[in-house]
Amino acid sequence: MTTDTVGRRPEKAPWLVATADVEIPFHDVDVMQVAWHGHYVKYFELARCALLRRFDYDYPQMQASGYVWPVVECHLKYVRPARYGQRVRVSASLTEYENRLRIAYEIHDIATEERITKGYTVQVAVDARNGELQFVSPPVVVEKLEAAWAAA
């Protein structure tokens, strides 16, 4: 697939999406058998890594490209609690990439498909050599995304 403008998703190319299935473990729940709110970020991370692997830019590839991508924003909306032993599916969708990586998440119960949580994270590129924030995503991101879209 080609793009008319470098850095723009081809019109017919789908946004990249990945999922990770999680069974809520005992060590993640409180006395009420509800997953502690901070663990949802960990579940997001599992799906985020799966998403990054979809376009060959997981954390080892980020480091090899000379950039680190700290999370600078994280938002969660808890719709209903996740409970011990519950099987959930965490989906991650890349929704922005030109100036930052914005990834949207949803967590659903696998059996009922009820939404449990939704949210997003924002990551920005930082040059690993000098610590400078990059206001535009490095070309390697666009190249890897274009390759993933071409293979889809």
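Arg48 and Glu45 form a salt bridge in which the closest N and O atoms are 1.9 Å apart; a salt bridge is taken as a side-chain nitrogen of Lys or Arg within 4 Å of a carboxyl oxygen of Asp or Glu. The model is a predicted one, in which local features need pLDDT of at least 70, side-chain atom pairs count only at pLDDT 80 or more, and totals for chains, interfaces and linings use all residues. Residues are numbered from 1 along each chain as its sequence is written, and side-chain values use heavy atoms, with hydrogens and water left out.

Arg48 and Glu45 are 3 residues apart in helix H1, a separation of about one helical turn. Arg48 is buried at 5% relative accessibility, whereas Glu45 is partly exposed at 25% (buried, under 20% relative accessible area; exposed, over 50%; partly exposed, in between; 1.4 Å probe, protein chains only).

The sheet is open and consists of 5 strands in the order E1-E4-E5-E6-E3, with antiparallel pairing. Strand E1 (17-23) and strand E3 (71-78) are the edge strands, each pairing on one side only. Neighbouring strands are turned by 20 degrees against each other on average, direction ignored. Helix H1 (residues 39-54) packs on this sheet and touches E1, E3, E4, strand E5 (101-109) and strand E6 (115-123), contact meaning heavy atoms within 4.5 Å. The direction of H1 makes about 140 degrees with that of E1; axes are lines fitted to C-alpha atoms, for helices over the stretch in contact, and angles run from 0 to 180 degrees between N-to-C directions. Helices (H or I, at least four residues) and strands (E, at least two) are DSSP runs, numbered from the N terminus.

E1 and strand E4 (residues 87-96) pair in the antiparallel sense over 7 bridges, where pairing requires at least two DSSP bridges between two strands. Glu23 stands opposite Arg87 in E4.

The whole structure contains 8 salt bridges. One of them joins Asp21 and Arg89, with the closest N and O atoms 2.7 Å apart. Asp21 belongs to strand E1 and Arg89 to strand E4, so the pair ties together parts that are 68 residues apart in sequence. Both partners are partly exposed, Asp21 with a relative accessible area of 39% and Arg89 with 35%.

Arg129 and Asp127 also meet through their side chains in a salt bridge (2.6 Å, N to O). Arg129 is exposed at 73% relative accessibility, while Asp127 is buried at 5%.
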